[in-house]
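Visitor: Put the model up, please, and I'll ask as I go.

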Amino acid sequence: MGCLDEARLQNYLRDILKDPEVPNSHAEWESRLLSLGFLAEAGDKTYCSIAGLVLFGKNPRRYLRQSGLRTFAFAGEEKKYQALLDKILDGPLVGRWDVTDSGKRLIDGGIIERFIEQITPFVSLEASAIDEHFRRKTQWFYPIDAIREVVVNALAHRDWTRFVDIEVGIYSNRLEVISPGALQNSMTIEKMIAGQRSPRNILIMEVLRDYGYVDYRGMGIRTKVVPLMKRMNHAEPVFEATEDYMKTILPRAKGPS
């Protein structure tokens with residue numbers, strides 16, 4: 001259990017799930033986390049499950065090298081030797097939130113929030129001049145909610161038997177997200193765009209839904225990514241599925257948005 005972030009687990013049970021009985025002792029925590037699927041037993045030992053590590057692990061890559069995100073940014077349309085950005089993000093997937101009657105406030109970001117913060121300089125341009133309200137306007141090259149949805153999908157649906165990273169590549173004309181593994185079950189790109197749901201990692205998806213990271217209906221591609229890209233970038237996302245990976249390409253906006 002020492003590999004999991006206890007503060008995030010408490011936040012999840014107490015504030016996100018509104019659980020009336022949050023564990024108090026080590027034995028109670030172990031029993032509850034085994035029941036939730038965040039721990040698993042093998043013989044006479046207890047280990048963190050993949051879902052537990054990915055969602056709440058302090059340093060998941062120490063135990064699961066393919067967890068987290070690798071992000072690149074390049075000045076041109078292809079990969080070059082020298083990248084503007086080449087970072088690997090490690091840590092718990094979910095953030096820690098202060099939840100009140102008036103809403104949620106982020107206390108400590110997880111991978112998703114840290115990723116958005118990291119890529120912002122490479123997917124937006126801040127105006128040099130200050131407007132009449134003493135603010136600098138920001139031009140976005142992509143709808144940020146579409147980026148978040150595609151990356152969350154990659155984190156939720158990747159094949160954990162593949163020992164390679166999820167890669168996010170930012171180029172001068174597109175943003176690419178490559179998630180290891182073929183599409184799960186009998187899923188196809190056509191079915192995915194139509195809104196059919198077939199999650200590979202059900203527990204991870206359920207927890208992300210609890211936090212509101214994913215559309216509760218599981219139709220984020222159809223209801224969010226495609227319409228946002230059409231409206232803002234006047235282009236549709238491109239999906240490519242092979243036996244080795246699922247790639248999503250978001251074409252960059254050609255003019256001010």
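**Helix H1 and beyond**

Visitor: Which residues of helix H1 are buried?
Guide: In helix H1 (residues 6–16), the buried ones are Arg 8, Leu 9, Asn 11, Tyr 12, Leu 13, Asp 15 and Ile 16. Buried means under 20% relative accessible area, exposed over 50%, and partly exposed in between, with a 1.4 Å probe and protein chains only. Helices (H or I, at least four residues) and strands (E, at least two) are DSSP runs numbered from the N terminus.

Visitor: And where do the coordinates and numbering come from?
Guide: This is a predicted model, in which local features need pLDDT of at least 70 and side-chain atom pairs count only at pLDDT 80 or more, while totals for chains, interfaces and linings use all residues. Residues are numbered from 1 along each chain as its sequence is written, and side-chain values use heavy atoms, with hydrogens and water left out.

Visitor: What do the buried residues of H1 pack against?
Guide: They pack against helices H2 (26–36), H3 (50–56) and H7 (202–211), and against strands S5 (96–100) and S6 (103–108). Contact here means heavy atoms within 4.5 Å.

Visitor: Take Asn 11. Buried or exposed?
Guide: Asn 11 counts as buried because its relative accessible area is 2%. Leaving aside neighbours within four places in sequence, Asn 11 is in contact with Ile 16, Gly 95, Arg 96 and Trp 97.

Visitor: What caps the N-terminal end of H1?
Guide: Asp 5 does, with a side-chain oxygen 3.1 Å from the backbone nitrogen of Ala 7. Just after H1, Lys 18 has a positive phi of about 60°.

Visitor: New topic: the largest nonpolar core. Which residues touch the most other members?
Guide: Leu 55, Phe 56 and Leu 208, out of 65 residues in that core. Helix H5 (residues 144–157) gives the most to this core, with eight residues. A nonpolar core is a set of buried Ala, Val, Leu, Ile, Met, Phe, Trp, Tyr and Cys residues joined through side-chain atoms within 4.5 Å.

Visitor: What does Leu 55 touch?
Guide: Not counting residues up to four places away in sequence, Leu 55 touches Phe 38, Pro 92, Leu 93, Val 94, Ile 204, Val 207 and Leu 208.

Visitor: Back to H5. Is Glu 149 buried or exposed?
Guide: Glu 149, found in helix H5, is buried because its relative accessible area is 3%. Beyond four places in sequence, Glu 149 touches Tyr 213, Gly 220, Ile 221, Lys 224 and Val 225.

Visitor: What is the volume of the largest pocket?
Guide: About 490 Å³. Grid points are joined across faces, edges and corners, and a volume is the space filled by probe spheres set on the points.

Visitor: And which residues line the largest cavity?
Guide: Val 54, Pro 60, Ser 67, Gly 68, Gly 91, Leu 93, Ile 111, Leu 155 and Trp 160. The largest cavity holds about 50 Å³ of space.

Note on methods
A polar contact is a pair of N or O atoms within 3.5 Å; within protein, one must be able to donate a hydrogen and the other to accept it, and residues adjacent in sequence count only if both atoms are side-chain atoms. On a 1 Å grid over the protein atoms alone, a cavity is a set of points where a 1.4 Å probe fits but cannot get out, and a pocket is an open set with protein on both sides within 12 Å along at least five of seven lines; lining residues have an atom within 4 Å of a point.
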